[in-house]
Amino acid sequence: MSTDAATAAPATAGTDVKIRLKNLTKTFETKRGPFLALDNLTLDIPTGCFFMIVGPSGCGKTTLLRILAGLETHTSGTVEISKPAGGRPSNSMIFQGDSLFPWMTVWENAAYGLNMRHKPKTEIKDRVGFFLGRTGMTRFADHYPHQLSGGMRQRVSICRAFANDPDILLMDEPFSALDEQNKVLLQEELLKIWEETRKTVLFITHSVDEAVTLGDRIMVMSAHPGRDKATLDVPFERPREVLELRARPEYGEFVYKIWSYLREEVHRARAQDEGSSS
Ligand SMILES: Nc1ncnc2c1ncn2[C@@H]1O[C@H](COP(=O)(O)OP(=O)(O)OP(=O)(O)O)[C@@H](O)[C@H]1O
């Protein structure tokens, strides 16, 4: 990991390590031969860290999240996830676009994970009620997903993920399909909920603004094969207010700094795409 020492330590991340990757490599076997997707990633993510991953299209961001979620195996190296006190590590994943069950109401969707784990009815009522309240969805509890806007559906996904009380939240571009106004509202709501829960979050985004607004730490990945090009601590205190933060000159400077790492990789990825299509 190439951590940028010039930036301040994150204001919030705990000192113990939640996720430790050592020389993590992923090769897909394809018809055209082995395809190296992740190359030798070594990384420590502290407990309670809001960890952002940015990188050009195809650099392996989703592959990394899928490995951490246990949906994909890795080829070599190690993945260590520390256990919470008295339990097994658990995770909830939020994807871009829709992941709600269309035949279930908002309440039933939000309660799904807890019901599957046979949690007591009162606990389900309390947790789902709490997070529906936090996301402003209480009065839509009996609605079905098709009766909601895209932003409201993503609120329910967030509600379901937090209600599950996972050890780690894995978020793969959850807001990318939303318009700018909804995105800012949801970023603010997510920040508020996260402040209260301090879960370890891994969040993929294509937006440098989103990475700087939400994150404690940002990993910029290289174009294919995915490597850790730079990992930087975000030097802004919490709690954060999205629009106030973005109005600050030092915010613009930090966004520019992340872009200076990313720009070359975006160009490399485009050159790779053009090379493979010619
Ligand atoms: N099951 C698979 N078999 C073969 N190749 C795969 C498989 N899954 C992913 N890949 C390839 O691995 C690379 C990384 O894919 P991945 O989806 O992780 O990238 P990404 O950074 O999340 O991209 P994007 O930003 O476009 O979502 C891509 O080139 C992709 O085509």
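Okay, housekeeping first. What we have is a predicted model, so local features need pLDDT of at least 70 and side-chain atom pairs count only at pLDDT 80 or more, while totals for chains, interfaces and linings use all residues. Residue numbers start from 1 along each chain, following the sequence as written.

Let's start with the whole thing. The chain has eight helices and nine strands; those are DSSP runs, H or I of at least four residues for helices and E of at least two for strands, numbered from the N terminus. Its radius of gyration is 19 Å, close to the 19 Å the globule rule gives for 278 residues, so the chain is as compact as a globular protein of that length. For the record, that radius is taken over C-alpha atoms, and the rule is 2.2 Å times the number of residues to the power 0.38. Along its principal axes, the C-alpha trace spans about 50 × 50 × 45 Å.

How much is buried? Of the 278 residues, 38% are. Buried here is 20 or more other C-beta atoms within 10 Å of the residue's own, exposed is 12 or fewer, partly exposed is in between, and the C-beta atoms are placed from the backbone. On contacts, take pairs at least 6 apart in sequence: 76% of those join residues at least 24 apart. A contact is two C-beta atoms, placed from the backbone, within 7 Å.

Now the sheet I wanted to show you. Three strands make an open sheet, ordered E2-E1-E4, with antiparallel pairing. E2 and E4 (76–81) sit at the edges with a single partner strand each, so one side of each has no neighbour in the sheet. The twist averages 20° from one strand to the next, with axes being lines fitted to C-alpha atoms, for helices over the stretch in contact, and angles running from 0 to 180 degrees between N-to-C directions. E1 and E2 pair over ten bridges, antiparallel; pairing takes at least two DSSP bridges between two strands. One example is Glu 29, whose bridge partner in E2 is Pro 34.

Which residues are closest to the ligand? Of the 13 around it, the closest are Phe 28, Ser 57, Lys 61, Thr 62 and Thr 63. The criterion is a C-beta atom, placed from the backbone, within 6 Å. Strands E1 (17–30) and E2 (33–46) and helix H1 (61–68) each supply at least two shell residues, and H1 gives the largest share, three. By type, the shell is four nonpolar, eight polar and one charged.

Last bit, the backbone. Most residues other than glycine have a negative phi, and most peptide bonds are trans. Asn 23, in strand E1, has a positive phi near 50°, and Asn 23 is exposed, with 12 other C-beta atoms within 10 Å. Then the cis peptides: His 224 to Pro 225, with omega near -5°, and Arg 238 to Pro 239, with omega about 0°. Pro 225 is in the loop between E8 (217–221) and E9 (228–233), and Pro 239 in the loop between E9 and H7 (242–246).

Note on methods. Nonpolar A, V, L, I, M, F, W, Y, C, P; charged D, E, K, R; others polar.
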